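Reader: Hi! I have a model open here and would like to talk it through with you. Could you show it first?

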Amino acid sequence: MKLLVAAIPLLAGAWICFPQQAHSQTVFQLTVKDHHFEPDHITVPAGERFMIELNNQDTTTDEFESYDMKFEKIVVPQGTIKVHAGPLHPGTYTFFDDYHPDEAKGTVTAEEKK
Amino acid sequence: MLGSLIIVFREVMEAGLIVGIVLAATRGIPGRGWWVSGGIGAGVVGAAIVAMFAGELSQAFSGNGQDIFSAVILCIAVLMLSWHVIWMASHGRELAQEMRSVGNEVSEGSRSLFALATVVAVAVLREGMEVVLFLYGIAVSAHTGFMSMLTGGLLGVLGGAALSWALYRGLIIIPLKHLFAVTNVLVSFLAAGMASQAAAILANDDLIPAMGYDIWDTSWLLSDGSMLGRTAKVLIGYTDRPMGIQLLVWVLTLVGLVVVERFVRTRPQSSAS
């Protein structure tokens, strides 16, 4: 209980001090069909938050997941979900469908802006 | 078959670690078998219901429904785990000394059991939902190899359950005098880990500030994707690249629990709760 009492003003303070990021993040569109991502590779600017919107055109439920970009979300057949990711250091990151990890996989490359 | 076995085993193991700790932490409290199995049952039923509405849940809260749901049930589990730690601080010693139901202890005990049964239900619900959706997916896509994948899934459930049981058997080797001290530490870390996971989920959706990303990167040492990394995530909330808010919430929860626990434990004995 004490914990809650301590945590609430702290979090509230943090909320005020760190204004929410504007919702102007780039959204990258992806579809998954026959357990393959289309496109299965995207390039994003390094150091920025971004979103991936995934549309599931299969008849199975999938779990859109990435260990190194830290997202994990279920997407039902014909459903569309959005996941947030970044800011990423320059490099290549992988994502996959956790229910069909051998077939459905793809990569994100984060590039330094010129 | 191996693929589905691994996927299901992973999820069941994650819930099973929590169940194993709860079983050890409630040793000697009368009626705990019923409460724990009730928690598992409620979790399975809940998982099936939530899985049925997975599509609707995704769309709720402008697409953040799944995440908000996860964060809320994690917070409930944190509160229940905290309750248990504090309850144990005042009753653990008597429980260890007597190990039998003494009058009013029974009703007191069942309150802590309710808390832990809720934790079990939440753990089973979270992981179970993924298992249900996965197995349902296999069932509807009637391609060949259906039976072998289903067998794999069922073996995964059995394997996860066996691991949970093994953890419990391993923990209760600890002499009763020390058992509750150990389980209280484990439960405190579970609570801190769950609280920081909830914070990470909300911060990832930009609902709360992240306070910095990638505070460190230990993915070269223990990756979130590895079996050991997953285990560490369940037990202590490990992540290879934490956000600032995760660390803050983790430390606050753990320090808060230690302070309150010590306060309750060193308080002069009184008959009231």
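Reader: Thanks! Let's start with a detail: what stands opposite A:Gln29 in β4(A)?

Author: That would be A:Glu53. Bear in mind that this is a predicted model. The two strands involved, β1(A) and β4(A), run parallel and are joined by seven bridges.

Reader: And which faces of β4 in chain A are covered and uncovered?

Author: Strand β4 spans residues 50-56 of chain A, and its covered face holds A:Phe50, A:Ile52, A:Leu54 and A:Asn56. On the uncovered face you'll find A:Met51, A:Glu53 and A:Asn55.

Reader: Nice. What is the bridge partner of A:Ile52 in β7(A)?

Author: A:Ile52 is partnered by A:Val83 there. β4(A) and β7(A) run antiparallel, with six bridges between them.

Reader: How many bridges join β1 of chain A to β2(A)?

Author: Three, and that pair is antiparallel. Strand β1 covers residues 26-33 of chain A. Within the pair, A:Thr31 faces A:Glu38 of β2(A).

Reader: So what is the strand order in the whole sheet?

Author: The order is β2-β1-β4-β7 in chain A, an open sheet of four strands with mixed pairing. At the edges are β2 (36-38) and β7 (80-85) of chain A; each has a single partner strand, so one side of each is left without a neighbour in the sheet. From one strand to the next, the twist averages 30°.

Reader: Great, switching to chain B. How many helices and strands does chain B have?

Author: Chain B has nine helices and zero strands. Its radius of gyration is 19 Å, close to the 19 Å that the globule rule gives for 273 residues, so chain B is as compact as a globular protein of that length.

Reader: What box do its C-alpha atoms fill?

Author: Roughly 65 × 45 × 35 Å, taken along the principal axes of chain B. As for burial, 48% of the 273 residues of chain B count as buried. Among contacts in chain B with a separation of 6 or more, 84% come from residues 24 or more positions apart.

Reader: Which residues does UniProt list for "transmembrane region" in chain B?

Author: The unreviewed UniProt entry lists 6-26, 33-53, 68-92, 113-139, 145-167, 179-203 and 243-264 of chain B.

Reader: How far apart are the end C-alpha atoms of residues 6-26 of chain B?

Author: They lie 30 Å apart, and that span is 95% helix and 0% strand. For residues 33-53 of chain B, the end C-alpha atoms are 30 Å apart too, with 95% helix and 0% strand.

Notes: Residues are numbered from 1 along each chain as its sequence is written. Chains are lettered from A and ligands numbered from 1 in the order in which they are written. This is a predicted model: local features need pLDDT of at least 70, side-chain atom pairs count only at pLDDT 80 or more; totals for chains, interfaces and linings use all residues. Two strands pair if DSSP finds at least two bridges between them. Axes are lines fitted to C-alpha atoms, for helices over the stretch in contact, and angles run from 0 to 180 degrees between N-to-C directions. The radius of gyration is taken over C-alpha atoms; the globule rule is 2.2 Å times the number of residues to the power 0.38. A residue is buried if 20 or more other C-beta atoms lie within 10 Å of its own, exposed if 12 or fewer, and partly exposed in between; C-beta atoms are placed from the backbone. Two residues are in contact if their C-beta atoms, placed from the backbone, lie within 7 Å. UniProt positions are given in the numbering used here, feature names are shortened, and annotations may be inferred rather than shown by experiment.
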